[in-house]
Structures are given as structure tokens and as C-alpha cells.
Amino acid sequence: MRLLVLEDDKTLGPWIEKGLREAGHVVDLFGDGKDAMIAAMAQDYDVLVLDRMVPGLDGLALLKALRQAKVTAPAIFLSALGDIEDRVEGLQAGGDDYLVKPFAFRELVARIEVLTRRQGMPEAQTSQLCAGDIVLDLHKRICTRQDREIDLNPKEFLLLEVFMRAKGRVQTRTMLLERVWDMNFDPTTSVVETHISRLRSKIEKPFGDTVLRTIRGSGYVFEPR
């Protein structure tokens, strides 16, 4: 699953991110509510994990804004605010669950799994991504197009997964660096351009069409037919 985590604690945030990645999930970690808001509006997430007390836009205000914008991804609050009033406030804001700090990591993972089951997303339905005639098997890590298997290395596979989950929405170079390579903006690196060129040579050239379009000055958009 792709998870958004909003946590500004410099120790706790990376620890949660590392644990969820080891559990097999794709994780986008944010320490600021405004950045998390931008990402949640541009990317389809399976679950949102939100701290309430963060700089700028806090988790509660963030979820209220997302619900008003019709973002329906299930959300779990992860907060030191544990009074009954705090928990009720979180649920009334659109939260689906509320876990009080300190917490057991195994419980967080279990609650995330419960939320996806509530949303009617059993494993059989979430093991593949399909866009046009391109299919990604997320468990077997296999890509096919027109029933032909395409040999992708791990970064190419993750890059294509990011594009397929954000089909029709522009992905900037900075967004791709953060989501695929866990890097902040670096104007000197050409890693994004290099991998996109290789990806195109595998998913476009043999099939004689274009599914990844460059938006000059903005980024890239995945538009399969």
C-alpha cells in the first residue's frame, strides 16, 4: 500500500517510515501539514497516518480540508493528545481511527490493515495496478504490456508505480526524487531524467506509442490509452 505519514518528530518520523517500509509499504513522510496537503491532493493514498501537532497546518485541520476536497482515503490519527474529547474531535473531523502515543508499532500496522479491510480492499484487489494495457503485479514485481513481460529494475518499477498511481496528474522532478529515491531537491542530479529515458525505452519504444508525456517546466504526466 502507499501510505502518507505526517509526523514532525525528527526521530519518530523516520522510525515509523522505516518500519512501514519494512512491512512492505510505500511511504511518503512529511513533517509539515502544508506539504502533506499538496501530496494528498496530487496522489492517491491507501491510508493517511496523521500527527495532530505539527507546524503550519496541523493534522486535524489537514484532514478537515481533505474531506472537504472529497479525499476519501482512510485516516488514522497518531497523537499524544489522548483525552476522550481529543479522540472524539479527531473522529468528527473525518478520522477513521485514533492511536495515542506512546504506541506499539505492531498495533499501528494492525490498525492500518483493518482500515484497508473496512474500505473493501482485500489483497486480491490491491495486488495489481492496471492502466491502459500496462499491468503491474505489486507482489510478484512483474510488469506486462499487451501480455508481454517487461524487464524493469527496482527503481524503474517503483517509478512506473508512482506514475500509475497518479495517472493523469503531473509529477514534478522534485516529487519523483522524494518518492522514488528519498532525495531532496538536487539541481545537479540527472537521475530522474536518466531513469525516465530508460523506462520509456522499455514501455513505449517497442509498442510504438507514448504514455509518458513531458510537461515543459513542470514535470511528467502518465497518460496511457
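Let's start with helix H8, residues 173–181: seven of its nine residues are buried (under 20% relative accessible area, with a 1.4 Å probe and protein chains only), so the helix is largely enclosed by the rest of the structure. Helices here are DSSP runs of H or I with at least four residues, strands are E runs of at least two, and both are numbered from the N terminus. This is a predicted model, where local features need pLDDT of at least 70, side-chain atom pairs count only at pLDDT 80 or more, and totals for chains use all residues. Residues are numbered from 1 along each chain, and side-chain values use heavy atoms, leaving out hydrogens and water.

Which residues of H8 are buried? They're Arg-173, Met-175, Leu-176, Leu-177, Arg-179, Val-180 and Trp-181. Their cover includes strand E1 (2–6), helix H2 (33–42) and helix H9 (191–203). Just after H8, Asp-182 takes a positive phi of about 55°.

Now hop over to Arg-145, in strand E8 (residues 142–145). Is Arg-145 buried or exposed? It's buried, with a relative accessible area of 3%. Its side chain makes a polar contact of 2.7 Å with that of Asp-133; such a contact is a pair of N or O atoms within 3.5 Å, where one must be able to donate a hydrogen and the other to accept it, and residues adjacent in sequence count only if both atoms are side-chain atoms. A polar atom of the Arg-145 side chain also lies 2.5 Å from the backbone oxygen of Ile-203.

Finally, zoom out. The protein chain has nine helices and 11 strands, and 48% of its 225 residues are buried.

How values were computed: Buried means under 20% relative accessible area, exposed over 50%, partly exposed in between (1.4 Å probe, protein chains only). Contact means heavy atoms within 4.5 Å.
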